[in-house]
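Dear colleague,

I am handing over a structure that you have not worked with before, and I would be glad if you could look through it alongside the notes in this message.

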Amino acid sequence: MIFSLLTPFGGTGALRSCLLTPCDCLRLAILAAVVLIAPRAVAIDVDPAVLEAEAKRVAVIERASATAVAIFAGDSGGGSGVLVSPDGYALTNFHVVEPAGVAMTGGLSDGRLYDAVLVGLDPTGDVALVKLLGRDDFPFAVLADSDAVEQGDWCFAAGNPFLLATDLVPSISAGIVSGTHRYQFPAGTILEYADCIQVDAAINPGNSGGGLFDAAGRIIGVNGRASFEKRGRVNVGAGYAISSNQLRNFLGCLKGGRLCDHATLGATVASAADGRVVISDILESSDAWRRGLRIDDEIVSLAGRPVRTVNAFKNVLGTLPSGWQVPIVYRRNGRREEALVRLAGVHTQAELAAIVGRGAEPPDGPREDGTPRERGPGPGRKPGPARELPEAVRAVYEARPGFTNYHFNVVERDRVSRGIAAARGTAGKGPWVLEGKLDEGGEFRIEVSDSVAVIDLPTGTSELDTTGELDASPVPPGSGGMLAALVVWRRLVNDGPAAVGRTTYLGTAPVDPRQIDPAGGDLVDVLETAVAGIEARVAVDLRGQIVRVDLWTSPDADPCELRITPAKAGETAGLPQRFDVWRGAERFGTFLIDGGTLGGAAP
Amino acid sequence: MNMKRFASGIMATAALAALLAPTRATAEPTLAEEAAFQGAVARVAAAVVRIEPLALTAAAGAGVAEAAPGSGPSTGTIIAPGLVLTTSFAIPADVNDAVVVVPDGGRRAARVRSRDRSRGLVLLAVDGLPEPPPLGEVPRARLRPGQWAIAVGRGWSAAAPTVAVGIVSATNRAWGRGVQTDAAVSPVNYGGPLIDITGQVIGILAPLPAEPAGMTEGTELYDAGIGFAVPLEDILAVLPRLTTGESLDAGILGITYRSRDQINGEPVIGSVRQGSPAARAGLAPGDRIAVIDGHSITRVADARHAIGPKHAGDAVAVTVERTDATGKASRIEATTTLAAEMPPWRRAMIGVVADAEGDDAERGPVRIAWVLAGSPAEQAGITTGDAIESIVSGRNAGATAIEGRASAAGVLAGVEPGERITLSIRRDDAIREIEIDTIAMPGDVPTDGPPAASGGGDPLAGPLNAVEVVKLAGADIADPAVAVIPTGTGPVGVLVWAGIPHGKVAEAEAASWKAAAVRHGVAVVLVGSAEPAAWSRSDIAAVTRALAALHARRPIDATRIGIAGTGAGAAFAWMVAERLGPAAGGVALVEAALPQRAVVTPAEPAAGWWVLLGPGGDDAARDRVAADQRRLDKAGYPVGLMPQDDSDAPPAEILCRWVSVLGLL
Amino acid sequence: MKKGAKKGGEKSVRNLFCELPWLAMPAKAVSTSPTWKRFLTPFVIPFLILLITGIAVAAEPSPQEVIAHAARKVVKLYGAGGLSSLEGYQSGILVAPDGRIITVASTVLDSDEIDCVLDDGRRFVAKLVGIDPRRELAVLQIEAADLPAFAVMPEDEPSPPGTRIIALSNMFGVAVGDERVTAQRGVVAARVPLEARRGAAEAPFRGSVYVLDCTTNNPGSPGGAVINARGRLIGMLGKELRSTDSGIWLNYALPASELVAGSEAILTGTVATTPAADAPRFDPRLLGAILMPDLLDRTPPFVESIAPASPAARAGLRPDDLVIAVGPRSVTTRAAVEQALGVLAPGDPVKMTVIRAGTLVEIDLGPRPRGATP
């Protein structure tokens with residue numbers, strides 16, 4: 001079975017896994033390729049297995065080539081990209097699009113040039129998301145699980161090295177995975193390649209932003225840099241690709257037209273004499289500090305991945321977006337401790353904006369040949385008169401501080417809104433009532449209306465006037481603002497995100513931070529809302545149900561974490577099964593719901 | 001290692017292996033493929049010969065570390081009885097004899113029969129060649145990216161063919177002349193066959209230039225995973241002609257495009273060379289190419305792909321759309337025969353400099369900022385502030401409306417020096433027609449130049465009475481270049497100066513440039529060398545990045561970029577100019593002549609630098625300078641002599657003045 | 001589902017290679033039971049080899065399996081360096097379970113303390129056992145036991161061009177601690193005598209090396225292992241050198257046979273301490289052929305004049321002939337002619353190939369006289 005991972009054409013088991021993959025088109029393509037290449041096989045006696053493997057490879061490459069974008073930005077040079085959705089979203093490198101600004105053109109192997117617009121930027125990870133315009137049926141490739149990639153796996157790159165793709169058909173270079181989980185140092189605080197994939201396929205200037213594909217034509221990474229030596233900027237057998245798992249972690253944030261930032265623990269680590277990785281310094285303002293981590297604590301694992309070297313630590317952290325909550329395991333004088341830490345950002349938004357404005361020259365970043373480049377309007381920079389945005393682009397670009405292209409944040413927020421509305425179904429807008437038992441005994445009753453929110457607990461009754469500021473008193477006491485969280489939840493469902501204070505699309509995060517799927521199978525949408533004196537982050541699952549509300553009544557205090565176990569599938573607008581309310585490491589309560597109404601039937 | 005112990009182990013191998021071996025095969029038939037590689041190579045081995053460099057052509061090993069490889073044993077392919085095909089890497093243009101080592105080790109004298117210069121191929125006639133089995137051919141139509149591509153050569157060893165394995169990377173590169181592979185291609189296998197897994201020949205490996213990357217030698221990318229082969233199909237199509245001794249050249253149409261962006265750029269003709277096939281076909285500046293030989297053309301690149309594979313003498317059918325001054329659109333179809341070369345192009349001028357154009361310039365009538373003393377323009381009474389609205393030249397039927405400096409230059413590019421043109425000039429809101437006899441560009445730098453204001457004109461910025469000295473930092477530039485930039489916000493000309501290499505540059509070195517930079521509104525970029533005492537190829541990239549960094553902070557007048565250097569810096573300046581191509585307006589080799597390996601291609605409307613040389617100290621040096629001056633003039637370049645200057649300071653004044661007039665019309 | 005499957009797959013591989021106690025690493029079972037150890041050690045090596053070759057014989061191992069197994073035997077070496085473009089690190093190959101390592105003799109070893117980091121991240125200080133300057137080969141020793149190691153044996157016959165290879169090295173030092181060294185795949189491009197240089201310095205080794213179709217001339221690569229598709233060690237990556245002929249960068253490996261000869265010479269103290277001296281040059285003047293004076297460093301070997309009644313005169317060599325070969329060896333410089341004549345023994349027949357008016361002429365100058373160095 002190990003082989004079926006390398007290619008879907010291996011043994012019988014493998015073949016089955018090929019059929020499972022949604023690609024009858026692929027099988028047709030293979031047949032075609034065999035037909036095309038087979039006839040000449042009569043010329044000489046070659047093992048049929050060799051010809052078959054070749055034909056299959058050709059078919060896979062033909063399919064992947066169609067997803068390769070040749071990015072050109074006039075005199076700004078260009079690079080490569082790879083389409084990841086039928087509506088034209090394409091991943092590339094920050095250092096490729098930065099000089100181009102918000103408008104560029106993308107060429108596909110069909111020989112056509114498409115207008116493209118900048119959507120999101122991740123300078124720290126050297127990633128950018130652009131959108132090709134004009135079609136909703138672009139060919140695209142899927143992101144594989146890069147943690148399943150092994151040293152020695154066959155792989156290939158499709159891109160635009162040295163901008164040779166004058167006919168817009170990408171250059172293909174093949175090789176093997178030379179190393180996994182590599183760490184390549186950043187330039188300053190940006191362009192850090194953490195947990196990246198090293199390949200011996202030729203990666204040259206201009207390959208930047210192009211896809212690195214596995215033998216099944218799935219994206220295992222985005223090529224971004226290479227080690228260059230004595231010969232100047234040409235390939236010498238060591239290219240590096242940003243792992244697909246990292247890309248997936250940031251895709252939501254990028255789609256939101258944001259300037260994305262990477263995570264920091266708020267602590268630096270060093271390897272002790274005995275090789276353990278220990279905290280060498282830690283900020284008292286960090287969540288890690290609040291969770292109890294201190295200098296000299298040994299980091300055992302982070303986000304579910306073991307940490308044995310400083311590189312391993314950087315590799316984990318470097319693939320995580322700012323703001324995620326992840327489990328950390330550490331050891332202090334022999335005792336093993338666990339905690340959930342909320343990761344902060346490496347930069348402030350202001351710093352990121354400055355970086356984007358200034359632009360980036362990667363240390364070894366394969367870029368086009370580097371002819372003098374004309375700088376277009378970078379994000380943050382206003383489009384200059386000389387570079388009037390094309391009509392098609394102007395329609396999908398909106399500048400706003402903190403965003404690379406606010407237009408797409410609205411697009412994503414509205415998508416989530418539709419999901420919430422669908423989940424709400426026909427429920428009326430009356431008061432919400434939820435009754436049930438606390439798991440430690442005793443009963444509770446919650447009522448939330450437009451004017452007031454009340455909760456009856458064995459310990460007493462708390463009330464919150466929902467017409468005014470919600471941060472007046474975080475009630476019930478010790479919850480950090482459970483009632484306010486319930487109010488935000490109800491407003492989002494009843495009025496829709498657009499109508500609730502300043503609500504924007506933040507990106508995605510694991511539905512349950514305690515166990516993160518590195519392959520991102522568990523990512524849910526997250527909205528950020530600021531209303532009536534509070535700030536909240538609200539997680540919405542694929543069914544449009546709100547599964548979590550983190551609510552801050554003051555920025556530097558621990559938020560109230562209202563974790564919602566939604567109604568079972570099928571029961572639209574059904575009652576949630578339970579609440580788990582936490583504050584920092586403290587569990588405030590677990591509410592088992594057995595009755596009530598979410599607004600009753602529609603009037 | 002204890003052999004006895006090992007031997008005892010071997011005996012038990014089979015048994016143990018049977019116990020431990022996995023039962024299934026791998027997805028990649030690794031060993032079967034290995035056997036296939038060797039089988040395929042064996043199939044063509046007899047046709048692959050070694051080409052040994054004659055002492056005469058054997059250059060001493062490559063100079064700087066990054067330099068392209070020099071000579072060395074290379075490869076040829078027996079393409080027909082008595083005929084070996086190889087490349088111009090092994091047999092440079094000035095060489096006619098070669099020594100071929102056949103597979104059995106015997107040496108044969110070879111003579112150049114003919115060349116296909118469009119693809120860098122050379123056909124050798126060799127007596128006493130063994131007759132190899134005929135080569136199988138992979139038709140272009142059957143090429144697929146991803147299929148096996150094996151590069152075979154004999155450069156390493158005459159005894160056994162050398163093997164490099166890769167895949168077909170792309171099937172239509174080098175403007176339609178080449179197949180691209182990621183197999184290792186280098187001087188050792190140039191001229192050898194690129195074969196598929198069955199031993200059929202895809203093409204002949206050749207150092208085709210990676211032109212979109214500004215790599216003109218074709219060897220820069222050796223072993224870098226980007227190699228090219230000329231498809232055998234294309235070679236066989238012209239082999240009969242080559243066999244008769246006819247040499248083939250690339251076909252030239254004789255036009256340039258208005259847009260320098262060949263990927264996105266619209267296929268609008270910028271200039272038509274006098275006496276060119278395009279001119280004979282009646283093509284004119286402003287025409288939009290719609291169809292070439294039945295291929296519809298929407299981008300400059302489409303046009304180049306359509307013409308790229310053609311040879312001189314081939315016919316080409318071009319359909320253009322033309323809008324005349326009255327706005328009437330028409331469609332013109334023309335057929336013409338491509339030429340091998342143009343008579344050297346000479347830049348015609350009337351002697352004016354237009355307002356500097358930055359990125360955001362209005363592409364309208366051209367306002368005149370300065371008139372050259374004694375020029376036809378002055379004699380015709382043209383003065384500063386006049387605006388050129390349109391030009392009528394003998395060549396193009398109607399008047400060409402002028403939209404920005406480029407279109408004016410385009411019209412002049414199609415004008416023979418001495419030819420009369422008619423300008424319609426707007427002055428004080430009155431239009432007047434003025435006839436002017438053009439003259440050829442002068443070589444020497446005029447004694448004055450445009451006022452600085454036109455180099456950086458921006459009323460809001462106030463008078464240009466100061467400069468700022470900045471480091472053009474960039475994350476990947478360890479020792480950033482230093483720039484002297486006149487204050488202001490308007491577009492500036494740029495002078496790149498490469499002195500005696502001495503590692504990084506210090507801000508202090510900027511001092512001697514400030515005055516001239518201000519006077520002429522020219523930004524001066526002082527570049528450092530990566531190596532302590534030598535210029536290297538990597539420094540070229542540093543220059544282009546420095547220009548990018550400068551451009552990021554200040555608009556640049558693209559028509560006024562001059563590259564200058566002295567000593568070792570002069571040779572470097574020439575390399576930089578070669579790298580920038582048309583992006584550079586001039587090259588100044590101070591106290592120097594052309595570098596040894598300099599290639600002087602005939603001037604083109606899109607690429608005709610204004611070159612300054614010398615003067616050179618002793619007589620020998622002066623003779624060389626004089627010779628190079630003739631050589632450049634013959635090729636159509638405006639070329640002038642630097643005045644004698646015994647001071648140690650760089651000739652800032654004259655160089656900045658020169659840059660300020662690079663855009664002479 | 002695939003992930004699960006993969007886990008299973010990995011396990012089966014581990015079963016094959018790692019879970020036999022005496023192969024486990026670090027081998028607790030062994031160290032805790034010395035009696036065992038004494039009994040088993042003689043068999044460790046055979047078993048190790050059997051496991052690799054055994055798999056290879058019975059069923060073709062995947063590249064992943066081959067790499068996963070072989071990469072454990074390549075170490076990261078850190079020593080002196082930092083000097084002009086010379087890196088302070090390179091690679092090494094474990095050739096005995098007791099911690100014997102072979103690598104390239106380079107400035108990296110000019111250090112009191114050579115750090116050696118194993119695949120599992122364990123760090124040792126390596127002792128320099130000896131150097132073979134001719135092959136630029138060095139043997140190191142670390143204080144360890146029961147390490148996975150390559151069996152270094154001469155190949156029965158050289159691997160022909162087209163043979164698939166995998167190069168394992170710590171190029172660019174990308175792997176640190178317990179991170180696995182870099183794996184690159186390619187083929188044997190050729191097997192030829194090494195004619196290469198770094199800067200002006202000629203490489204001392206004159207024997208045949210494998211030229212690789214694989215970009216291995218990178219910092220950190222020297223000393224890396226080159227294995228074939230079956231995981232067998234066929235060579236060691238050499239220094240960063242460029243071809244003397246064309247100036248292109250060379251990717252090459254010292255063949256296993258040289259590794260065996262070199263390390264045995266070092267261990268038995270029979271190593272030739274001085275680089276192989278080139279055969280003394282022989283001046284063609286002694287044959288009556290006066291070549292053009294050596295103005296440049298690569299003056300073409302034109303015949304300037306012929307001494308009357310000399311062998312050259314009798315053989316019909318003429319002024320202005322251009323010598324292109326002496327015997328089978330092609331020559332492009334006057335120096336090369338003198339070297340080519342020098343390798344002939346006195347009495348050997350001297351044959352020259354010259355170009356005369358565009359045609360090749362074979363000239364037989366008879367036996368080579370006893371020579372004097374010019």
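What follows is a short account of what was found.

This is a predicted model, in which local features need pLDDT of at least 70 and side-chain atom pairs count only at pLDDT 80 or more, while totals for chains, interfaces and linings use all residues. Residues are numbered from 1 along each chain as its sequence is written, chains are lettered from A and ligands numbered from 1 in the order in which they are written, and side-chain values use heavy atoms, with hydrogens and water left out.

Chain A holds twelve helices and 31 strands (DSSP runs of H or I with at least four residues, and of E with at least two, numbered from the N terminus). Of its 603 residues, 63% are buried, meaning under 20% relative accessible area with a 1.4 Å probe, protein chains only.

Within chain A, six strands close into a barrel in the order β7-β8-β9-β12-β11-β10, with antiparallel pairing (two strands pair if DSSP finds at least two bridges between them). From one strand to the next, the twist averages 45 degrees. Strand β7 (residues 154-159) and strand β10 (residues 211-214) of chain A run antiparallel and are joined by four bridges, and A:A158 stands opposite A:G211 in β10(A).

In chain B, helix α2 (residues 30-45) has 16 residues and reaches 22 Å from its first C-alpha to its last, close to the 22 Å expected at 1.5 Å a residue, that span being 1.5 Å times one less than the number of residues. Among the buried residues of α2(B) are B:L31, B:F37 and B:V41.

How values were computed
Buried < 20%, exposed > 50% of the residue type's maximum accessible area, 1.4 Å probe, protein only. Axes fitted to C-alpha atoms, helices over the stretch in contact; angles between N-to-C directions.
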